[in-house]
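Trainee: I have a new structure to read. Can we go through it one feature at a time?
Mentor: Gladly.

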Amino acid sequence: MYREKASGADSERLQLEKLIASLGEDDIVVVIRMDRFARSNFDLFSIVKDITNKTVWFR
């Protein structure tokens, strides 16, 4: 489980970077609150693209 305490406006998101780096094929990423996960729709699409490029499931 990864939990970010930094402001959503902050571009440096260490926990998110750690999460993406640790993902392996067929892992599943579950997000409880989308508004806390991404700062904008563009940001969300970018993050999801990075995740799914690693053949990881996103929920």
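Trainee: Let us take contacts. Leaving aside neighbours within four places in sequence, which residues is Arg13 in contact with?
Mentor: Look for heavy atoms within 4.5 Å. In this predicted model, Arg13 is in contact with Glu4, Arg36, Phe37, Ala38, Arg39, Asp43 and Ile47, leaving aside its neighbours within four places in sequence. Arg13 itself is found in the segment before α1 (14-22).

Trainee: Is Arg13 buried or exposed?
Mentor: Buried means under 20% relative accessible area. Arg13 has 10% relative accessibility, so Arg13 counts as buried.

Trainee: What does the side chain of Arg13 reach at 2.8 Å?
Mentor: For a polar contact, look for a pair of N or O atoms within 3.5 Å. Here the side chain of Arg13 reaches the backbone oxygen of Phe37, at 2.8 Å.

Trainee: Now Asp43. Where is Asp43 found, and what does Asp43 touch beyond residues up to four places away in sequence?
Mentor: Asp43 sits in helix α3 (residues 41-52). Not counting residues up to four places away in sequence, Asp43 touches Arg13 and Ala38. Asp43 is also buried, because its relative accessible area is 13%.

Trainee: Next, rings. How many aromatic pairs does the structure hold?
Mentor: The structure holds one aromatic pair. The rings belong to Phe37 and Phe58, with centres 5.7 Å apart and planes at 35°, so the pair is tilted.

Trainee: Which parts does the pair tie together?
Mentor: Phe37 lies in helix α2 and Phe58 in strand β2 (residues 57-58), so the pair ties together parts 21 residues apart in sequence. Phe37 is buried too, with a relative accessible area of 8%.

Trainee: Let us step back. What pattern does the protein chain follow along the sequence?
Mentor: The pattern is α-β-α-α-β. That comes from three helices and two strands.

Trainee: How many residues has the protein chain, and what share count as buried?
Mentor: The protein chain has 59 residues, and 27% of them count as buried. The chain exposes about 4,700 Å², with carbon and sulfur atoms supplying 53% of that area.

Trainee: Where is confidence lowest, and where is it highest?
Mentor: Start with the average. The protein chain averages a pLDDT of 86, and 90% of the residues score at least 70. Confidence is lowest in helix α2 (residues 34-37), at a mean of 82. Confidence is highest in strand β1 (residues 28-29), at 92.

Key
Residues numbered from 1 in each chain as written. Predicted model: local features only at pLDDT ≥ 70, side-chain atom pairs only at ≥ 80, totals over all residues. Heavy atoms only, no water. pLDDT = per-residue confidence, 0-100. Helix = DSSP H or I, 4+ residues; strand = E, 2+ residues; numbered from the N terminus. Buried < 20%, exposed > 50% of the residue type's maximum accessible area, 1.4 Å probe, protein only. Polar contact = N/O pair within 3.5 Å; in protein donor to acceptor, adjacent residues only side chain to side chain. Areas by Shrake-Rupley, 256 points an atom, 1.4 Å probe, with all protein chains shown as cover. Phe/Tyr/Trp six-rings, centres within 6.5 Å; stacked < 30°, edge-to-face > 60°.
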